[in-house]
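Hi,

Here is the structure I promised to pass on.

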Amino acid sequence: NKQQILDSFNGYSRELYAPPSTKPVLLLPGYDGGAEWGGAGADPENGILYVNANNMAWTLQVVENKVASDKNSTAGEVLYTVNCAVCHRTDKAGNPQSNYPSLLGLSERITKQQAQTIIANGKGMMPGFTLLKETEISSIVSYLFNEKETDKKEVETAQNDEKMNVPYRHAGYTKFLDSQGLPAIAPPWGTLSAIDLNDGSYLWQVPLGITEIYGKIESTGTENYGGPIITKNGLLFIAATKDGYFRAFDRKTGKLLWEMKLPAASFATPSTYEVNGKQYIVLACGGEKLNTPKGNQIIALALPD
């Protein structure tokens, strides 16, 4: 709905370098953009950089931290609000469109021990909370499992902790999306570029990835994580995209030469190596990020003998 998008857009602060505020601040590129941690491919002989990037708008907002100062709050609720709500929201509903799952009904999906292990050690894109004590993790799990907490000492400790009682906290990682869950800005939403480092000019730029919009496949570019590799004979290989393809481009022109649907999306830079005179390219296909299907495969590709 165009009007709905405009209403949201007009409610955002859009000043350059706007500080965090209780009014949402529009970020473009957002938290995950433009170029990513996957790095770039480089041609050192000619000074050319090949880099993929995201064009995704997010919002930045802070809210009053009321839970920590509420004397009726449990230790688990306070600890959850400080450590977990930024991703999974204060209502535990998560933000699936930004890849943060709902924790509602968690007791029906996993055991308390599994929950404690995930909080302590992390899982997938979630880091482990190594600074939390076992008693603090237990309090969070009790809160998630809707169990009554009776340890008054833990409640008092949590409420008196300075880092728990900051006046404002981050409201969460929210993308600027339309009602269909698509980026609420014009594509391309992901790009692949060749940049001449000798003068800073773009030699070429193409959309990276495809999106199904109302049943039609469009070359919109997609969110992408994981860099490219280049070969001396003029090819650029990259996976990285939400659509789950592995692609080869002509690195001189940006023309798509070949693509292959992977068993699961590969959000990592490919590796290439040689064995007995034969070149291989290897990809880790794990999926899961960006709500893509999970995978657990490493595949190797080579030209026929």
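**Aromatic rings**

Y31, W58, Y100 and Y173 come together as one aromatic cluster. Before the rest, some ground rules: this is a predicted model, where local features need pLDDT of at least 70 and side-chain atom pairs count only at pLDDT 80 or more, while totals for chains, interfaces and linings use all residues. Residues are numbered from 1 along each chain as its sequence is written, and side-chain values use heavy atoms, with hydrogens and water left out.

The count of aromatic pairs comes to 11. To pair, rings of Phe, Tyr and Trp (its six-membered ring) need centres within 6.5 Å; planes under 30 degrees apart are called stacked, over 60 edge-to-face, and the rest tilted. Y31 and W58 are edge-to-face, because their ring centres are 5.4 Å apart and their planes stand at 85 degrees. Y31 sits in the loop between β1 (25-27) and β2 (34-35) and W58 in strand β5 (residues 58-60), so this pair ties together parts 27 residues apart in sequence. Strands here are DSSP runs of E with at least two residues, helices are runs of H or I with at least four, and both are numbered from the N terminus.

Y31 also pairs with Y173: the centres are 4.9 Å apart and the planes are at 85 degrees, so that pair is edge-to-face too. It links distant parts of the chain, as Y173 lies in the loop between β9 (168-170) and β10 (174-175), 142 residues from Y31.

(Buried means under 20% relative accessible area, exposed over 50%, and partly exposed in between, with a 1.4 Å probe and protein chains only.)

Charges turn up over rings as well: R14 lies over the face of F9, 4.2 Å from the ring centre, and K92 over the face of Y143, at 4.1 Å. That label requires NZ of Lys or CZ of Arg within 6 Å of the ring centre and within 35 degrees of the ring normal.

**Pocket and cavities**

The largest pocket holds about 950 Å³ of space. It is lined by 31 residues, and the closest to its centre are H88, P101, K123, M126 and E288. Elements giving two or more residues to that lining are α4 (85-88), α5 (112-121), β8 (126-127) and β20 (278-287).

There are 2 cavities of 30 Å³ or more.

(On a 1 Å grid over the protein atoms alone, a cavity is a set of points where a 1.4 Å probe fits but cannot get out; a pocket is an open set with protein on both sides within 12 Å along at least five of seven lines; lining residues have an atom within 4 Å of a point. Points are joined across faces, edges and corners, and volume is the space filled by probe spheres set on them.)

**Helix α3 and the cysteines**

Helix α3 (residues 75-83) is largely enclosed by the rest of the structure, because 7 of its 9 residues are buried.

How many disulfides are there? The count is 0, a disulfide being a pair of cysteine sulfur atoms within 2.5 Å. The sulfur of C87 has its closest cysteine sulfur in C84, 8.5 Å away, too far for a bond.
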